[in-house]
Amino acid sequence: MAEAAGRVAIESVTPEVDSGRFPIKRVPGETVIVECDAFADGHDVVRCLLLYRREQDTAWKESVMRPRGNDRWRGEFRVEELGRYAYTVEAWIDAFETWRGNLVKRIDAGQDTRVDILIGVALIQSAADRASEPDRELLARWAGDLSAAAVDTVAQSLALNEEFASILRRYPDRASATRYPGEFRVRVDRRKARFSAWYEMFPRSCASSADKHGTFADCEARLPYVAAMGFDVLYLPPIHPIGRTHRKGRNNTVEAGPEDVGSPWAIGGEAGGHTAIHPSLGTLADFNRFVSAAGRHGLEVAMDIAFQCSPDHPWVREHPEWFRRRPDGTIQYAENPPKKYQDIFPLDFDTPAWRELWEALREVIRFWAEQGIRIFRVDNPHTKAFPFWEWVIERIQSEYPDTIFLSEAFTRPKVKHRLAKLGFSQSYTYFTWRNTAAELTAYMRELISPGIREYLRPNLWPNTPDILPEYLQIGGRAGFIIRLILAATLGSNYGIYGPAFELLENTPGVPGGEEYFASEKYEIRQWDLDSSVSLKNLIARVNRARRENPALQHDWRLHFHEVDNPEILCYSKTNPDCSNVIVVVVSLDFQHVRSGWVRLDLDKLGLSESSSFQAHDLVGDGRFLWQGSRNYVELDPQGVPAHILRVRRKVRSEEDFDYYL
């Protein structure tokens, strides 16, 4: 005979990633809204609880779930601490509420309720047995009074007493409750995982003259410049010794001259490997001083993790078993046909000595974490074993919970998504190649869709040292401005490779290619940071708008609005209560003046059709008085072909225009 337990079915719990195989992601202070289907056979009343706890705790906390119709339930809890949380759902048949509902129906139908009252007495007595004082005494007295009531109407009134019922609800009978068979997890990262502005800079190009190799002291002198633009993450390409064997020359030539400095990603030489510093940059003590100085300027240093070796890396000699051999006995160098990287040896994650390799790689990250580094940009993680990343990220974050990992994986979508599920805090995206309004709208909607957004945090980059996209090659100054504003406002995480970006560097190495001419990957560059063409002041205004407006600090409330000109993109971001509303209007045409009528979805902005509101341009500082949903815009590529508009709702008339700032 089947037991009575388990009559409630629990299905379709959300949010979840691959049925709970991977955690969802949040930052402290955010809410996890959980929904599920919970129902039972027959017509009995079902109750549902959301259970949650920090992963290291044993006791569950409880949050009441509310019905949303059609047997769908919703509950929520806040995460406050870094680390991992667990959550699940429990549901049961509420005998008391079922009885109470049926009693009301019988009373309304004028039926005899004497037997029903006795059933209720038994339920109340059972609850009293579960209750603590003084509630036990109150419930027992209620059951006694109800049992002794001589007149049906008195008993009925007493049975439906809401004050007593509210006490009883504290002690439900959950003996036969159904708990969802699985537990789901939340990975809680620090806030910078959700909101950050990255600036990539080659340390060796920070010297005051082109014939000198930059040092960490030179980098320190560059800090006020970067900080003034409003960035909060300063990302350095690899700072390790560079190999000489098969070193690449300028513009990626195969033959390097004696003065060529090589690619920083060809890691390892006489001075050491992944835990060593290039001698020309300075010492470990110099690096630590630079990191401390960056912190005083509001900048956190992010390091590059590139798990690959030059032929001169100590591991090639000490651990040849960690590398793949070709039939002729030589070690396999890196290739991405037709490209060849003879100066780089990939690590073999299929080696029988994989355990030793994994431990060595973990120790590399731990070494830099011990120096205070908590942000790592990981080079080409899609060319390393999936299980390794899940293993190493979990272990590093268990020791250093505030560690952030950015996945530099310009690869196939499913591979990129798998890496995000495995633990990467942020991910590079295909934004770099999405240019039209239709492309940008579709792609950003995909990234913030309910499934993907739970595990993948996009980081939008208009350029990188490897990628000078066609749009920047041909778009001129306006093209750079357009891509900057799109990256900084579509995404709460974004970055640029500078000073190439702010100085409008747009010459490709070969026609039709995306490599930079005179690429910093292969040579030291000197930059004129005071150039009149620089976008540094505009970048500072954009980053200030991001810092001062909470709406721009998350992605989930991104909404696109209609425009009657396909060369103009309009979208908004708001915080949950719409107290901060940002509307961005961007021309995608870097050559011609574009105009059109935007049709705002006012419900998304917390506005009504009759509202007058001020739209304050945070880039150009203009102020526009808009009315209702349909408003005119005109954007000129000779200036700033975009508006970042802060919406002020309290404007009543043109006379009030300057008052509401």
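Trainee: Which residue does Leu50 stand opposite in β5?
Mentor: Leu50 stands opposite Ser63 in β5, where strands are DSSP E runs of at least two residues, numbered from the N terminus. This is a predicted model, in which local features need pLDDT of at least 70, side-chain atom pairs count only at pLDDT 80 or more, and totals for chains, interfaces and linings use all residues. Residues are numbered from 1 along each chain as its sequence is written, and side-chain values use heavy atoms, with hydrogens and water left out.

Trainee: How many bridges are there between β4 and β5?
Mentor: β4 and β5 (residues 61-64) pair in the antiparallel sense over 4 bridges, pairing being called if DSSP finds at least two bridges between two strands. A hairpin of 6 residues joins β4 to β5.

Trainee: And what about β8, how many bridges there?
Mentor: β4 and β8 (residues 83-93) run antiparallel and are joined by 9 bridges, with Val46 having Ile93 as its bridge partner in β8.

Trainee: Why is β4 largely enclosed?
Mentor: Because 7 of the 9 residues of β4 (residues 46-54) are buried, the strand is largely enclosed by the rest of the structure; buried means under 20% relative accessible area with a 1.4 Å probe, protein chains only.

Trainee: Changing topic, what residues line the second largest cavity?
Mentor: Its lining is Pro23, Lys25, Arg84, Arg187, Ile393, Gln397, Leu422 and Gly423. A cavity is a set of points, on a 1 Å grid over the protein atoms alone, where a 1.4 Å probe fits but cannot get out, and lining residues have an atom within 4 Å of a point.

Definitions and conventions. On a 1 Å grid over the protein atoms alone, a cavity is a set of points where a 1.4 Å probe fits but cannot get out, and a pocket is an open set with protein on both sides within 12 Å along at least five of seven lines; lining residues have an atom within 4 Å of a point. Buried means under 20% relative accessible area, exposed over 50%, partly exposed in between (1.4 Å probe, protein chains only).
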